[in-house]
Amino acid sequence: MQLWVDADACPVVIKEILFRAAERTCSLLTLVANQPIRVPSSQYIKTIQVPAGFDVADNEIVRRLEAGDLVITADIPLAAEVIEKGGHALNPRGELYTTENIKARLNMRDFMDTLRSSGINTGGPPAISLSDRQAFANNLDRFLAKYAN
């Protein structure tokens, strides 16, 4: 089992939680981004830099993903592809995407996209809160306890 991070939009505080978890559980963590990402020196943590472009990092993650791997992403279409390929997806706010909830998340995303396209300002998501960080850390720990090594 490997951990993958859609790293371009992943908050620094979430990356820090992931770095500590990778070291603690000896899990391979790979951050994929279209820009250089600073990571601590570790045998468990690496980066892959992909060319800039629409969904290039997402496509690289899906291409390399194996069933059972965990992907950290807020990108709902990427999460849907991960689940379809037999992987797991966790967003930076701590919500585990599942076969049971991904369709509803995709529908809501598409609805909000339609509103934005029609000129309605829907605003962006709020900043990651302390409770979001805690939810992420807790769900990551639960996942790693169940599936790591």
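How many bridges join β2 to strand β3, and in which sense do the two strands run? In this predicted model, 5 bridges join β2 to β3 (residues 45–49), and the two strands run parallel.

View 1. Strand β2 is largely enclosed by the rest of the structure, because 5 of its 6 residues are buried.

**View 2. Strand β2 and its pairing with β1.** Strands β1 and β2 are also joined by 5 bridges and run parallel, with Val-5 having Leu-31 as its bridge partner in β2.

View 3. Leu-18 belongs to helix α1, which spans residues 12–25, and its relative accessible area is 0%, so Leu-18 is classed as buried. Leaving aside residues up to four places away in sequence, Leu-18 touches Val-5, Leu-29, Ile-72, Phe-136 and Leu-140. Val-5, one of these contacts, is the residue that pairs with Leu-31 in the view above. The C-alpha atoms of Leu-18 and Asp-6 are separated by 12 Å, the two residues being 12 residues apart along the chain.

**View 4. The buried residues of helix α2.** In helix α2, which covers residues 56–64, the buried residues are Ala-57, Asp-58, Glu-60, Ile-61 and Val-62. These buried residues of α2 pack against the strands β1 (2–6), β2 (28–33) and β4 (70–72), and also against helix α3 (76–84).

Definitions and conventions
Residues are numbered from 1 along each chain as its sequence is written. This is a predicted model: local features need pLDDT of at least 70, side-chain atom pairs count only at pLDDT 80 or more; totals for chains, interfaces and linings use all residues. Side-chain values use heavy atoms; hydrogens and water are left out. Buried means under 20% relative accessible area, exposed over 50%, partly exposed in between (1.4 Å probe, protein chains only). Helices (H or I, at least four residues) and strands (E, at least two) are DSSP runs, numbered from the N terminus. Contact means heavy atoms within 4.5 Å. Two strands pair if DSSP finds at least two bridges between them.
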